[in-house]
Amino acid sequence: MLKDERIGKAAFTRRDALKIAGAAGIMAALPWSGVPEAGAAAPTLKGQQAGGYYRFAIGEVEAVVISDGGLSFQPIQPNWAPEASKEELEGMLRSAFLPTDRFNLDVNTLLLKIGGELILVDSGAGGLFGPSLGKLRGHLSAAGVEPAQVTAVVISHAHGDHFGGLLDGDGKPVFPNAAYFASKTEVDYWTGPDPDMSKLRIPEENKKVFAANAKRYFGAIKDRLTLVSPGQKIVGGVEVLGAPGHTPGHIALLVTSGKEALLNSADTVHHHVVLFAHPEWTSAFDSDPKMAAETRSRILHRAAADGLRVLGYHLPFPGIGHVRTTKGGAFEWVPEPWNWTMA
């Protein structure tokens, strides 16, 4: 080691010393020395994230993911993955460098421009879930779109974080010129006299709130609401896919343009690590947990087999990526790299 040090010293020549001295002189001449003036305060870097929208394309279709914010569930169980042992769940999260005491879920709405139509898929939570959500209108405006320009709104299912943005604080429609689309099964279920929520594993008072909000919001748009079923198209290139279980009429959408496609999976899979690795695990918010798990496996199998580009409503923003199978027969989320152009 001493020999190496001597070699290093011998290799350091007078020319090297002059180079460093010259560089030091240049640095001394620069107007910024790296030390703030006395009394100057450094800016605060904390605060809300900016942006909140992500442009991309599906063939000839212009598309934007609009963030409504995010949700955090703490603790994780029993609302999520109650089938897992605490040790197994925490081990999975730790290996993915994620917090082990909470689920952080994004809320990703989708805006599509198809011909002269501006179609919004889900509307975020509005004022139903507190300050971490309800950011859709601001982010929509930042992306250059005002609510009055939206011509259609598709509701994937009647949970408040998907329909709460339909009405403002006065109960008036946020999208005054839009037609609305929702699953016939979903609307019939929530607006019926006594929806069966026996398999929901949430408190009874929460079930009542779920039902009351769904009835109120569907009632506010009923005059412009079109009921759809799997296999139908909202407009050309936007097909309704049945994805029941999370709710009875939960739907996904397949958007196609030319040779390109996007599967908007809505709430088929909520977490980008846990529920891909274990699609059989469920949520307390599933109206039929067994069916939800079966639907998740079916849709993930299709996405992986067909190489479909996928958008997940609760996956890390902007929620776009692909699905691949693992050696164990489960799945893995592969996020699409951020693209600085719209294509």
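Predicted model: local features only at pLDDT ≥ 70, side-chain atom pairs only at ≥ 80, totals over all residues.
Visitor: Which helix gives the most to the lining of the largest pocket?
Guide: The largest pocket has a volume of about 430 Å³. Strand 2 (61-73), helix 5 (160-163) and helix 7 (204-221) each supply at least two residues of its lining. The greatest contribution, four residues, comes from helix 7.

Visitor: How many nonpolar residues does the lining of the largest pocket have?
Guide: The lining comprises 24 residues, and those nearest the centre of the pocket include Phe129, Phe210 and Phe285. By class, eight of the lining residues are polar and three are charged. The number of nonpolar residues is 13.

Visitor: How many polar residues are in the lining of the second largest pocket?
Guide: The second largest pocket holds about 300 Å³ of space. It is lined by 13 residues, and among those closest to its centre are Gln49, Ser67 and Lys135. Two of the lining residues are nonpolar and two are charged, while the polar residues number nine.

Visitor: Why is strand 6 largely enclosed by the rest of the structure?
Guide: A residue counts as buried when its relative accessible area is under 20%. Strand 6 spans residues 179-183, and it is largely enclosed because the number of its five residues that are buried is four.

Visitor: Which residue of strand 7 is the bridge partner of phenylalanine 181?
Guide: Strand 6 pairs in the parallel sense with strand 5 (residues 152-155) over four bridges. Strand 6 also pairs with strand 7 (residues 225-228), in the parallel sense and over four bridges. In strand 7, the partner of phenylalanine 181 is threonine 226.

Terms used: Residues numbered from 1 in each chain as written. Heavy atoms only, no water. 1 Å grid on protein atoms, 1.4 Å probe; cavity = no way out; pocket = protein on both sides within 12 Å on 5 of 7 lines; lining within 4 Å. Points joined across faces, edges and corners; volume = space filled by probe spheres on them. Nonpolar A, V, L, I, M, F, W, Y, C, P; charged D, E, K, R; others polar. Buried < 20%, exposed > 50% of the residue type's maximum accessible area, 1.4 Å probe, protein only. Pairing = 2+ DSSP bridges.
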